Amino acid sequence: MQEPELHDLSDDADYAASQKYGSASMMRTDSGKHSSSSEHEGAEVVYTKDNVTIHPSMLASERISGRLRLIKQGSSLFMTWIPYKGQNSNARVSEKDRILYTIRGVPLTEVRSIRRHTPALGWQYIIVVLATGLAFPPLYFYNGGVKEFLATIKQHVFIVRSAEDANVFLVNDFQNPLQKTLSSLEIPRALSIGSEPSTSFSVGESSVDENQERTSEDVQNDNTTISQYNERQRQKNYDPARDLSIQVLEKFSLVTKFARETTSQLFRDGHSNGYGGIGRRSNSLSSLDYPSQKASDDSNKVSDKSPVPQDPLEFDKNSLVWGKPRQPPLESAEWYTFLDSEGRIMDSEALRKRIFYGGVEHKLRKEVWPFLLGYHAYDSTYAEREYLKAMKKAEFETVKKQWQSISPEQARRFTKFRERKGLIDKDVVRTDRSISFYDGDDNPNVNLLHDILLTYSFYNFDLGYCQGMSDLLSPILFVLGDESESFWCFVKLMERLGPNFNRDQNGMHSQLFAITKLVEMLDSPLHNYFTQRDCLNYFFCFRWVLIQFKREFEFDKTLRLWEVLWTHYPSEHLHLYVCVAILKRYRSKIIGEQMDFDTLLKFINELSGQINLDAVVRDAEALCICAGENGVACIPPGTPPSLPIDDGLLYPQQELDEIL
């Protein structure tokens, strides 16, 4: 099959118009300010734009504005975004958060694409996606300048518009014909990084102060950023991301130094003091007990070489029962005590609490899961549920016929359909084939899995299909059996977890950011260790969050964990506390053996099948209770699995009036 043709930006009217301005206008305003810096570094600032803003959450008070730059050094182009400090900064945003989001010296050789968004209401913004597949937070241009930004990049690197999406621009810094050939074959860029010439140029900066110029001392302090980056690049020997046999979901959790060095700016402090100076916010936790690690699958063998700081929650052992003990699963006889004569659930909170502590007997899951997933309302009657099933079955069949009716002739002209169907075809034949329900050739349940996923890609065409969705659907189909009901329960699940698969990865970033904050609050020594070891991006938790620990537990234990998480008791974000609980259970081993980023990734992956589920759920509950309102404050609004915030609430009325 021929690859779709890529169109050069010269055919774009926006860029044709912007060429008469070029990038010179961007430089004139600051040419005096940066000339000394550029001369000192042997570099040239080719683009500068002020009031480019990151929105860490939906709250206007938490927005962080800064200066975006493109800086040329030899044949290399670097991008930086430095937040403001001083008069033009947001007083409500902490210095720590400004540092956390700073983007320092990202080479355009490691950028895969730039997506341009032009909403009908609001500001234009871009999303920069790295070659690793990870993305920086959206950059909002309050005063315009997206066209000039892309036009400037075009002047210095190879950039083309994607034929599949007119708002996506593919970026490559081709140094030779071989690199261009490798890129066209979609071989990872890491394969040829080692052959490219290195530079010793720094574009790193401290926060931009609008009231004073940078001194030569400031410049010299910045000289380490790119030089250190290049030194680390020369030292690389092996990167699992270069192995083409590694499947996509494995790459998510096996992000190594190559990915870390170009993306961890989102989650780390570039200064030497890191977060070490931040005071603990766990004063109220001083009397809480954290369970000691006993000899089991969760035991920690601590190296004698490195002392391990005490867990801040491990104090008075008699002051609190750490998490409540698990109970037997909910059985049919008890289930019916929650229902009235017409089938309504009389006390949904009591039911959810009961399921949280004991789970559900397997044969009863088919009846209970649709309530937990929101497909059935807790106050619905037997008759109303039967009517809903009939109506939804007809709706499902209507959507399913949309793709079933596509002829081979149509399919040849329907690139999105071919791509999504191809991905689904490949994924379903390797999803949970070790369990009998999906085992064997020509298994009808595998066909059902395929049809539901393809139907969902038509039902939610914007999101479509992404690898990992089959992992989320498989247990639902296994439990419910019925094609239509499985589809609609999957729809309900994806309403909450869909942001995990968005192109801009905001859903994943917000959850990893929340884990960072929770670890900092609940175990500051562990957080400080991750800071020292350059692990603050928490990408080792990526697979846990993306598919809800599906690869970390046996299939039957995954069913138990999911129904516990779906109760949203004691928090709808309990999965984040599960992440913290797992890290805390192995903190002694992590710190004692002085694990660096790559060692930690390997260790986390090898935990699969080794984690004590009941113990971790108990720990997560206790951590959630300990964190209280402070824990809630660590989690940005709209973080999955929260239902998405209505777009109408994105802008306060005052801002809407200004825009209109």
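**Note on aromatic clusters, cores and strand pairing**

1. Phe-396, Tyr-456, Tyr-459, Phe-487, Trp-488 and Phe-490 are linked into a cluster by ring pairs; rings of Phe, Tyr and Trp (its six-membered ring) pair if their centres lie within 6.5 Å, with planes under 30 degrees apart counted as stacked, over 60 as edge-to-face and the rest as tilted. Over the ring of Trp-488 sits the charged end of Lys-392, 4.1 Å from the ring centre. The criterion for such a charge is NZ of Lys or CZ of Arg within 6 Å of the ring centre and within 35 degrees of the ring normal. Arg-326 likewise lies over the face of Phe-356, at 5.5 Å from the ring centre.

2. This is a predicted model, in which local features need pLDDT of at least 70 and side-chain atom pairs count only at pLDDT 80 or more, while totals for chains, interfaces and linings use all residues. Residues are numbered from 1 along each chain as its sequence is written, and side-chain values use heavy atoms, with hydrogens and water left out.

3. The count of aromatic pairs comes to 33. One of them is edge-to-face: the ring centres of Phe-437 and Phe-478 are 5.4 Å apart and the planes stand at 85°. Phe-437 lies in the loop between α17 (415-428) and α18 (444-459) and Phe-478 in helix α19 (residues 469-480), so the pair ties together parts 41 residues apart in sequence. Helices (H or I, at least four residues) and strands (E, at least two) are DSSP runs, numbered from the N terminus.

4. The largest nonpolar core has 116 residues, and Phe-530, Phe-540 and Leu-583 have the most contacts inside it. Helix α25 (residues 574-585) gives the most to this core, with nine residues. A second, separate core of 33 residues includes Leu-108, Val-111, Ile-126 and Phe-141. A nonpolar core is a set of buried Ala, Val, Leu, Ile, Met, Phe, Trp, Tyr and Cys residues joined through side-chain atoms within 4.5 Å. Buried means under 20% relative accessible area, exposed over 50% and partly exposed in between (1.4 Å probe, protein chains only).

5. Eight of the 11 residues of β2 are buried, so this strand is largely enclosed by the rest of the structure. β2 runs antiparallel to β3, joined by eight bridges, and pairs in the antiparallel sense with strand β8 (residues 139-141) over two bridges; pairing requires at least two DSSP bridges between the strands. Val-52 has Gly-66 as its bridge partner in β3 and stands opposite Phe-141 in β8.
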